[in-house]
Amino acid sequence: MPCKNSGERIVLVTGAARGLGRAIVERFAIKGDIVLIADILETEGLKLEHNLNIKNCRTKFIYLDVTSQNDWEVSCQMIQDKYRKLDILVNNAAIMVRKPIANQSIEEWNATLAVNLTGPFLGAKHCQHLLSKSAYASIINISSTAGYLAHSDPSYTASKWALRGLTKTMAMEFIEHKIRVNSVHPATISTPLAAAAPKGHLEANRFAIPMGRESNPEEIANIVEFLASDKASFMTGSEIVADGGITSAGVAHMRAKYQAQITE
């Protein structure tokens with residue numbers, strides 16, 4: 001699908017080279033926005049930029065390690081020099097270490113929190129002055145159902161619970177700058193991150209999710225698009241859960257599914 005090339009918004013997406021980030025980039029780019037593809041995956045990011053720009057999109061890859069204050073400063077200076085403002089920041093970059101507490105090293109713990117929590121903090125901190133120049137500024141933090149439930153990966157769970165709270169603090173602090181801040185909480189998404197899970201992990205998730213499947217990235221990109229739009233103009237500090245019903249299911253749902261299996 002060719003890009004509309006009619007928008008005026010400047011959009012920065014972290015963790016943008018693949019998976020959910022890629023779907024979000026494509027969604028905004030096709031609408032005609034100028035999209036900055038921020039990632040440490042340079043080869044994949046440049047390929048995405050090329051593939052979209054030959055469709056008349058306006059995208060630019062920028063190397064950005066979200067844990068690096070210097071990278072944020074350099075990126076924001078580039079945005080200031082080239083575009084003078086930023087309209088939408090999507091804090092999507094995340095990593096996961098699937099190990100129990102006893103087996104997880106302090107280095108793995110710190111690395112997960114650095115990407116998943118410090119990254120959005122630095123993004124908001126350094127992009128605030130650019131967002132404040134926008135007439136429709138929005139920050140969308142990609143959290144998880146791990147911000148609602150106890151998952152088996154402790155550092156990931158801790159980071160996503162914390163990001164849920166940080167989103168609300170951002171929302172209250174940035175109201176005076178007319179910057180809306182909201183979070184999205186997906187269950188399992190069909191991405192390379194999910195595909196790297198141990199054997200049986202995805203099957204177990206599908207059993208637990210009432211809808212019986214993981215989401216696709218485009219379904220979550222729909223929500224991000226909505227939160228960035230004027231249709232969500234009265235929403236800040238809000239949480240949107242897109243989980244196929246898993247946070248609502250409870251014991252009764254799982255018991256019914258198990259009983260149905262053993263009586264077949």
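This is a predicted model: local features need pLDDT of at least 70, side-chain atom pairs count only at pLDDT 80 or more; totals for chains, interfaces and linings use all residues.
## Largest pocket

The largest pocket has a volume of about 1,000 Å³. Its lining counts 41 residues. Closest to the centre are Ala94, Met96, Tyr156, Thr191 and Leu193.

Helix 1 (19-31), helix 5 (154-174), helix 6 (192-195) and helix 7 (201-208) each give at least two residues. By class, the lining of the largest pocket holds 22 nonpolar, 13 polar and six charged residues.

## Second largest pocket

The second largest pocket has a volume of about 220 Å³. It is lined by 15 residues. Ala137, Lys178, Ile179, Arg180 and Ser233 are the closest to its centre.

The lining of the second largest pocket splits into nine nonpolar, three polar and three charged residues.

## Helix 1 against helix 8

Two packed helices are described by the angle between their axes and the distance between the axes. For helix 1 and helix 8 (residues 217-227), the axes come within 9 Å and cross at roughly 55 degrees. Helix 1 is therefore oblique to helix 8. Their crossing is right-handed.

On the helix 1 side, the contact involves Gly19, Leu20, Ala23, Ile24, Arg27, Phe28 and Lys31. Helix 8 meets them with Pro217, Glu218, Ile220, Ala221, Asn222, Val224 and Glu225. The residues of this contact comprise eight nonpolar, two polar and four charged.

How values were computed. Residues are numbered from 1 along each chain as its sequence is written. Side-chain values use heavy atoms; hydrogens and water are left out. On a 1 Å grid over the protein atoms alone, a cavity is a set of points where a 1.4 Å probe fits but cannot get out, and a pocket is an open set with protein on both sides within 12 Å along at least five of seven lines; lining residues have an atom within 4 Å of a point. Grid points are joined across faces, edges and corners, and a volume is the space filled by probe spheres set on the points. Helices (H or I, at least four residues) and strands (E, at least two) are DSSP runs, numbered from the N terminus. Ala, Val, Leu, Ile, Met, Phe, Trp, Tyr, Cys and Pro count as nonpolar, Asp, Glu, Lys and Arg as charged, and the others, Gly among them, as polar. Axes are lines fitted to C-alpha atoms, for helices over the stretch in contact, and angles run from 0 to 180 degrees between N-to-C directions. Angles under 35 degrees count as roughly parallel, over 145 as roughly antiparallel, 65 to 115 as roughly perpendicular and the rest as oblique. A crossing is left-handed if the near helix is turned anticlockwise from the far one by less than a right angle, and right-handed if clockwise. Contact means heavy atoms within 4.5 Å.
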